[in-house]
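This report describes a single protein chain for computational work. Please examine the sequence and the structure shown below before reading on.

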Amino acid sequence: MSKGTLLVLSLCPGVDLLGRAFEEAGCCVVRGGEPMFGQRGIETFHPPAGRFDGVIGGPPCQMWAASHTLLQDKAKQVNLIPEFERVV
C-alpha cells in the first residue's frame with residue numbers, strides 16, 4: 001500500500017462488488033472471509049480502533065437471496081444483520 005492510499009474495511013459479504021469498485025478507485029480494501037465459500041466469517045473479527053480510513057458494507061442477504069433458499073428452509077437462515085451492526 002503506497003502512502004496516501006486509503007485503507008478501507010469492507011463488510012460486504014459474497015463477491016463484494018462494492019469493495020471491488022473501491023479497489024478500482026485506488027483504495028486498499030481489507031475484507032473478511034466468506035462463509036459461503038468455507039472461509040471464516042466476521043463473528044470473531046474486531047477491527048482496531050482508528051486504523052481504517054473508511055468502512056463500507058451492506059447487511060448480509062442470506063435470509064433473502066434465492067441462491068441460499070433453493071435447497072434450504074428459510075426458517076433455518078440466521079439473521080446476520082445484528083452481527084453486521086456490531087462490527088460497524
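## Contacts and basis of the model

Of the contacts (heavy atoms within 4.5 Å) between residues at least 6 apart in sequence in the protein chain, 49% join residues at least 24 apart.

The model is predicted: local features need pLDDT of at least 70 and side-chain atom pairs count only at pLDDT 80 or more, whereas totals for chains, interfaces and linings use all residues. Numbering starts from 1 along each chain as its sequence is written, and side-chain values use heavy atoms, with hydrogens and water left out.

## Confidence

The mean pLDDT (the predictor's confidence in each residue, from 0 to 100) of the protein chain is 74, and 58% of the residues score at least 70. Where pLDDT is low, predicted coordinates should not be read in detail.

## Fold and surface

The protein chain holds three helices and three strands, in the order β-α-β-β-α-α from the N terminus. Helices (H or I, at least four residues) and strands (E, at least two) are DSSP runs, numbered from the N terminus.

The chain exposes about 6,200 Å², of which carbon and sulfur atoms supply 58%; the areas come from the Shrake-Rupley method with a 1.4 Å probe, and for residues only the protein chains shown count as cover.

The three strands form an open sheet in the order β2-β1-β3, with parallel pairing; two strands pair if DSSP finds at least two bridges between them. Because β2 (28–31) and β3 (54–57) each have a single partner strand, they stand at the edges, and one side of each lacks a neighbour in the sheet. Neighbouring strands are turned by 30° against each other on average, direction ignored.

Strand β1 (residues 7–11) pairs with β2 over four bridges, and L7 stands opposite C28 in β2. Helix α1 (residues 17–24) lies across β1, β2 and β3 and runs at about 155° to β2. Axes are lines fitted to C-alpha atoms, for helices over the stretch in contact, with angles from 0 to 180 degrees between N-to-C directions.

## Salt bridges

There are two salt bridges, each defined as a side-chain nitrogen of Lys or Arg within 4 Å of a carboxyl oxygen of Asp or Glu. One joins R31 and D16 at 2.7 Å, N to O. This pair links R31 in strand β2 with D16 in the loop between β1 and α1, 15 residues apart. D16 is buried at 2% relative accessibility, whereas R31 is partly exposed at 34%.

R31 also meets E23 in a salt bridge of 3.1 Å, N to O. Shared partners join D16, E23 and R31 into one network.

Key:
Buried < 20%, exposed > 50% of the residue type's maximum accessible area, 1.4 Å probe, protein only.
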